[in-house]
Amino acid sequence: MNLSIKKVYCILALLLTTTIGWAAELKVTAQFSPPVTNLGQRSNYVVVLEGSVSGNVQIAGKIPAVEGLVIGSTPQRSQSSQMQIINGRMTSSVTVSFNFSTQVTREGTYTVPAWVVEVEGTKYTIPAATLQVVPPGETLRGAIVLEIVPKVETLYVGQSLPVKVQLRIRDDIQYQLATFPQMTGDAFTTAQFTQDNGERNRQIIKGVAYDTFTWPLLLTPLKVGKEMLNLQEDLILSLPDQQQRSGQMSNDPFFNRFFNDPMGFGRQERRTIYSGDINIEVKELPTEGKPASFSGAIGMFSLQSKLSGKETTVGEPIILTVTLTGEGNFERIAAPILSEDPNWRIYPPKSDFKPTDTLGFTGTKTFEYILRPESEAAKTIPTLAFSFFEPKDGTYVDLTTKPEAVVVKPGLNVPEISPSMASPSAKHPDGKPALQQTPNLLNISLLADDFGTGLVPFYEQRVFWLAQGTPLLLLGGLIFWNIRRQRLLKDPNLMRFSQARTRAEAAIGQARRSAIAGDAEAFYTGCRQALLSAACKHFPKAMGEETLTWSEIEPVLTKRCADPECLSTAQHVFNAYEARQFAGRPSALPSEPETFLKSITTATKKLLEA
Amino acid sequence: MKTIPDKTRFHFRALIVLLGLLFIAITHLRADVAQNLFQSANEAYGKADYETAIKLYQDSITQGGASATVYYNLANAYYKQGNIGQSVLFYERALALRPGLAEARHNLQFVRHSSSLPPESDLDSPIERLASRLTLNEWGWLLGTTFWLSVFLVVFPKFSQKWGGVCRIFLTLSLAVLIVSIIGLTGAYPMTKRLVALSKETPLRVSPLADSTKAGYMAAGEMGSYSEMHMGYYLVTSQSGKQGWVAANDIGMVWAK
């Protein structure tokens, strides 16, 4: 029984929620489709009712007359219905469109003002809608807009301002993004626009629907003056064929679109959309009232400082943490300056920035200073000077801190020491040890025995490449020698001639040495040997060079050497040798052995060359 | 056949010997001068006259050439003078010349800690560990030597069959060393791109222009490496990962550029 009652309650609840769903508000809109057209092309004035209306709903009311625009009195009606269950709640809505055909006789802008319509006994206001009739080819004018919002007219140099780059594309245009926007203008910091940092939504502006893409941008001017920046974006547009479109008879825009471009492809064209010149006046920061501590921070900031402890000993460091919170050009903010104090040794601070937005415009920047007291006279920590420029008021704000009292007790005599190792009690404000301990600085070296080594990379050293060239030459020589050797081994004659040349050269050398030593016999033997070795080339192998006589060599030499002195010198060599060999008569060295030897060398050369 | 007279040959040989002796004498003299300057610099350092010590150490390098020991002492003097950027640069140079110079490594670590600079990244990969065994130039020369040795050990057996077996053994060893030296050189090469920020707040600019905006800063002594150069500016990636253009006079190259 109880179960049946529960079922009844459930059914009643369902009916109730359904009823509530039906009772949802009626939404009434109006627009021209398409909102921009050419003279001669059709555009429909479409009134859409969306919500809980019955399927056969009618509208009663008079469309306001607009000069030059003729709106048909009998609309074409189409409808669709939708049912949704969200969190157990069923909602049903019906969308009914009334398409009024229109006609215009001249180019211009036609606005149907808001008017009142009665739907099932209730009055609703239909918003104004605008139709633009433009010359052929200009239907895209104003349909795609690339701009920076909000409009920026003036900025201070170095100021960072979060803005948005917006690309608006009229709803009736079929497109694809070929690129993401690109920004040009060397007076401003650059930015990258990607799919990840972009956002897409739908906007209705003056009765016209747009597909809108938005990218955040932190605009920071770098130069003073009237500066300009540009944006550009490439789109691939699907453009319908004009003739086909104008020839359509149907008033249904969806019908038109389907028949003109059934697959949604159309005639595709890549077009670059430009923002046009965006002129921004970049102002110099005022010099009046500029604090000495100003280091370029522009925005709105607050500053807090915190000490790791208020009591320390000489040589024992304490950490001062400075936190800068707010909005502005954090990227350009340098560490606040601590006033110089001989009682303190101040180490360069570490900084860390934690942004709270994607652009890094708002967030918290932290600086950590290590301060080491040098003497007990350090009674207060050095003051921290920081100021920023507030662009809204155009004034400087000074946030210099007041000296904070600390107690410095006498410490151990620690000479050259790292603040980190002075004491393990140097704690971070959050309780963690500040730095790892390190030992002291090691002393200098007293002996330098490695002068001459260079810090020039080996590949830039000439000596390295010379050293690489040497084995290369050696290898080349080795290969050449091997080729020559192989050739000689294959040709016995060539081998013989080569050996003859070597012997002739050696014999000349011997003769020269003998002349210096005053040994006439060895001198003539050497000269004869040189001539014989050179001449053997012209005789068969069977005739050993030792068997050759002057009578055999003379015709060969005469033929090749026209110099009579050469011939007589050569003959003198053979005569002298034979006189010594066969008659036992010793010969004296020639009066000018160098000239003599020169003639023999010439004769030998001629014989070898032939 | 052209022959050179013995007298001329003798004079030529004598000239070569004299030139050689002259070269040795000059080198020795320069090294002697460099040693004297080095000793004077040490004395100035001992008297806490760091400015004079720095000048004398630099003069000794000019006279005698680069030296890991002098670089080490110079780095100490710069640190004592409070110039962290130069101090880190010269410790790095000392280590580039002699990676095993433990004192330089120790003091570099000390300076980094005391100046709140990020510590040197650990040598994680085996290649980096191998590369740190020798200097870049040692790896280069080892590569050049083993390459040619391998080539000759391939070519030599073509001429003489007698030593073929021995050649094969040496070739295997030579090729093994060649491969190791290639790996070592691969690991050591990025060292040539290392640099040190010298100014207290070395600006990283978004473009290589003096009036360009500053994208961030490098602390004095912070390490970085460059990837390209344009009109006196280097595109630097700092140790903390920041990237930007830095003027050449704001940084010091560990290796000569």
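In the predicted model, chain B contains eight helices and seven strands. Of the 257 residues in chain B, 39% are buried. When contacts in chain B between residues at least 6 apart in sequence are considered, 57% of them join residues at least 24 apart.

Two packed helices are described by the angle between their axes and the distance between the axes. In chain B, helix α4 (residues 84–97) packs against helix α5 (residues 102–114) at an angle of about 155°, and the two axes are 9 Å apart. Because angles over 145 degrees count as roughly antiparallel, α4(B) is roughly antiparallel to α5(B). The crossing of the two helices, α4(B) and α5(B), is left-handed. On the α4(B) side, the contact is made by Ile84(B), Ser87(B), Val88(B), Tyr91(B), Ala94(B) and Leu95(B). Helix α5(B) contributes Ala104(B), Arg105(B), Asn107(B), Leu108(B) and Val111(B). Eight nonpolar, two polar and one charged residues make up this contact of α4(B) with α5(B).

Between the chains, 45 residues of chain A are in contact with 50 residues of chain B. On the side of chain A that touches chain B, at least two residues each are supplied by β26 (344–355), α4 (419–422), α5 (462–490), α6 (492–517) and α10 (593–609) of chain A. The largest share, seven residues, comes from α5(A). By class, the residues of the side of chain A that touches chain B comprise 25 nonpolar, 14 polar and six charged.

Note on methods:
Residues are numbered from 1 along each chain as its sequence is written. Chains are lettered from A and ligands numbered from 1 in the order in which they are written. This is a predicted model: local features need pLDDT of at least 70, side-chain atom pairs count only at pLDDT 80 or more; totals for chains, interfaces and linings use all residues. Two residues are in contact if their C-beta atoms, placed from the backbone, lie within 7 Å. Helices (H or I, at least four residues) and strands (E, at least two) are DSSP runs, numbered from the N terminus. Ala, Val, Leu, Ile, Met, Phe, Trp, Tyr, Cys and Pro count as nonpolar, Asp, Glu, Lys and Arg as charged, and the others, Gly among them, as polar. Axes are lines fitted to C-alpha atoms, for helices over the stretch in contact, and angles run from 0 to 180 degrees between N-to-C directions. Angles under 35 degrees count as roughly parallel, over 145 as roughly antiparallel, 65 to 115 as roughly perpendicular and the rest as oblique. A crossing is left-handed if the near helix is turned anticlockwise from the far one by less than a right angle, and right-handed if clockwise. A residue is buried if 20 or more other C-beta atoms lie within 10 Å of its own, exposed if 12 or fewer, and partly exposed in between; C-beta atoms are placed from the backbone.
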